[in-house]
Amino acid sequence: MKSNIYPFVLIVLLLCSCHNSKTNQANDSDLQTQINDSLSASLSVGKITAEMAYEGVDNYCHKEYDWSVAEDNPDMMYIQMGEETETEYQVVFRSYTGAFVYFYVDKTSGTTTMVEKVPNLDVEEKSGTINLFDYLEKKD
């Protein structure tokens, strides 16, 4: 009877160790994800510079707007830095239509709020938000 119990105990121990190993692997994976997320967040906090704000908005505008109209006359469309406060940068895009899009870049998070203004029509409208980091080139 004792000889029949040993294989049973061996199988139970084997199953327990396999389950425990899979659980540890899952926990290790979760822990690594948390570490990576925390590291990314800490690297991005307070790291937005005026150059990064300009570059990100410039990349966004060149992706989203048709610049072919400004090939002969570059003054029709442009991007320039606006005012700066303690918490945000303002980057201004001027469209060939005469509209302005003001990009308010949060210095700590990279969250960028867009406000479109059409001076001739006296119209101002919030037109969305973007994450500045989505439009910055990845540097090695």
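**Exercise 1.** Which residues of the largest nonpolar core touch the most other members?

*Solution.* The structure is a predicted model, and the work begins with its largest nonpolar core, which holds 20 residues. Within this core, the residues that touch the most other members are V57, C61, F93, F103 and V105. Turning to the elements that build the core, at least two residues come from each of α2 (50-64), β2 (88-94) and β3 (100-106). The largest share is that of α2, which supplies 4 residues. As a general background, nonpolar side chains in soluble globular proteins tend to be buried together.

**Exercise 2.** List what F93 touches, leaving out residues up to four places away in sequence.

*Solution.* Contact here means heavy atoms within 4.5 Å.

**Exercise 3.** Trace the strand pairing from β3 through β4 to β5.

*Solution.* The first step takes β3 and β4 (residues 111-118), which run antiparallel and are joined by 6 bridges. Across this pairing, V105 has T112 of β4 as its bridge partner, and V105 is also one of the core residues named in the first exercise. The two strands form a hairpin with 4 residues between them, and in its turn G110 has a positive phi of about 85°.

The next step takes β4 and β5 (residues 123-131), whose antiparallel pairing extends over 8 bridges, with T113 standing opposite T129 in β5. Here too a hairpin is formed, with 4 residues between β4 and β5, and D122 in the turn has a positive phi of about 55°.

Terms used. Residues are numbered from 1 along each chain as its sequence is written. This is a predicted model: local features need pLDDT of at least 70, side-chain atom pairs count only at pLDDT 80 or more; totals for chains, interfaces and linings use all residues. Side-chain values use heavy atoms; hydrogens and water are left out. A nonpolar core is a set of buried Ala, Val, Leu, Ile, Met, Phe, Trp, Tyr and Cys residues joined through side-chain atoms within 4.5 Å. Buried means under 20% relative accessible area, exposed over 50%, partly exposed in between (1.4 Å probe, protein chains only). Two strands pair if DSSP finds at least two bridges between them.
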